[in-house]
Amino acid sequence: MFRRTTQAVFRSLKMSKVFDVIVIGAGPGGYVCAIRSAQLGMKTACVESRKTLGGTCLNVGCIPSKSLLNLSEYYYKAQKEFNSLGIEAENIKLNLSKMMKNKNKSVLALTRGVEYLFKKNKITHIKGVGSITSQNEVTVTEQSGKKNIYQAKNIVISSGSNPASLPEIKIDENVIVSSTGALSFDSIPKELVIIGGGYIGLEMGSIWKRLGSNVTVIEFLDHIIPGMDHDISKEFLKILKKQGINFKLNSKVTSVNKVKEQAVVDLTNSKTSERERIQADKVLVAIGRKPNIDLLNLKKMNIKIDHQDRIQIDKKFQTSKKNIFAIGDVIAGPMLAHKAEEEGIAVAEIIAGQAGHVNYDVIPGVIYTSPEVATIGKTEEQLKKENIKFKIGKFPFLANSRAKVNNETEGFVKIIADEKTDKILGVHMIGPHVGNMIAEIAIAMEFGASSEDIARTCHAHPTHTEAIKEAALAVDKRPIHF
């Protein structure tokens, strides 16, 4: 009797470490993949090295940055705009500590929300660093150093990405920081230098400019937000300059050195060869992100990666080991939380024998500055390279009644449609609330809509979305209000 009971306990312990799916990484791609896998009836575990779930996005990325963008905009408007609008507020003060506490409170609520979803869906949360030690085995190293081995029929790699840096620039998260450090300054830097004019750099620059920093953005190319439509890039640069952000375009950073509690940034203009030195209280390195794959044991497992350290996959997200899948920032494509989420759902459904799918032609991108920038589909420059003939409709927010009464008239909506079929190929917006407005276009493009379809769809008045309808009308050279 005793022996049978002992054997049963042993089998039970052993089975507790055997899963249908183990997901490595609990960011937006990973936790969503785990939830969908559990919904589909698979015994699921998710391995996460952080103390809290949600990955970079919830902990030190999308969510805290949007909190600070929102709060800093309130502060800026209260200081600079309310008085002229008839809202007289005196002695406006910034309490940065309280602002940071509010940000942290929001992050905590959302990470706890993911914990609740794991419990609700009976997902096993394994804390530690995951490594693939055989085709069906994940070894997890706890913070104490203890190693535990788990078995899985399928393994999903969703380990996300880390901030990239430049050679010989050491990020200390104090004076020379990544986006993680830039979200937690305990005082307003008088001089802030940002290396990189992409999504992250411009959002962080907007936050600290509104709160009182003198911000200088250094960009290697001759334009900001590389990869976006050039009309948007030019308009955005003009608006940000008007807001007081300084730009050094065509500029290469040659060194960043700490001197006491400040940094000295040396740069060279690639066109004129002119050298310049800037002294700053803080330097943010925002040149992009790189896949977080170093601890996964991929080489020993013969899992193929490309020249950019991204895991190579087939159309079903399978790596060179067919039961090991990869999603999110560790594979090719835009490093966006919502892209990773779609891939997580697709992979779970593929493992379950369903037809998981991601339409990469309809992945929106948003920059949450003020005004916002939103884009989806092909840019004008891409279509020219591909020799695809197209027509364009543009409509400015200056002519939109809701934007006008709200004093939010900067920017425009640009719709690009196929010259023959009128099918929407790409839409690019800069203006108020376009981060929400882009959803209308995503649905339209998912259903293969034409610009005429949008032009003939009734939009509520007065709303910012009327600018989309007018831009669609402009494709056929028939806007009503411009």
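Predicted model: local features only at pLDDT ≥ 70, side-chain atom pairs only at ≥ 80, totals over all residues.
Let me begin with the helices. Helix 2 spans residues 28-39, helix 9 spans residues 337-351, and their axes come within 7 Å. How are the two helices oriented to each other? The axes cross at roughly 30°. Angles under 35 degrees count as roughly parallel, and helix 2 and helix 9 are therefore roughly parallel to each other. The crossing of helix 2 past helix 9 is right-handed. On the side of helix 2, the contact is made by P28, G29, Y31, V32, C33, R36 and S37. Helix 9 contributes A337, A340, E341, G344, I345, V347, A348 and E349. Sorted by class, this contact of helix 2 with helix 9 has 9 nonpolar residues, together with 3 polar and 3 charged ones.

I turn now to strand 22, residues 424-431. Of its 8 residues, 8 are buried, so strand 22 is largely enclosed by the rest of the structure.

Which strands pair with strand 22? Strand 19, residues 372-377, pairs with strand 22 in the antiparallel sense over 6 bridges. Strand 21, residues 412-418, also runs antiparallel to strand 22 and is joined to it by 6 bridges.

Key
Residues numbered from 1 in each chain as written. Heavy atoms only, no water. Axes fitted to C-alpha atoms, helices over the stretch in contact; angles between N-to-C directions. Helix = DSSP H or I, 4+ residues; strand = E, 2+ residues; numbered from the N terminus. Parallel < 35°, antiparallel > 145°, perpendicular 65-115°, else oblique. Left-handed = near helix turned anticlockwise from the far one by under 90°. Contact = heavy atoms within 4.5 Å. Nonpolar A, V, L, I, M, F, W, Y, C, P; charged D, E, K, R; others polar. Buried < 20%, exposed > 50% of the residue type's maximum accessible area, 1.4 Å probe, protein only. Pairing = 2+ DSSP bridges.
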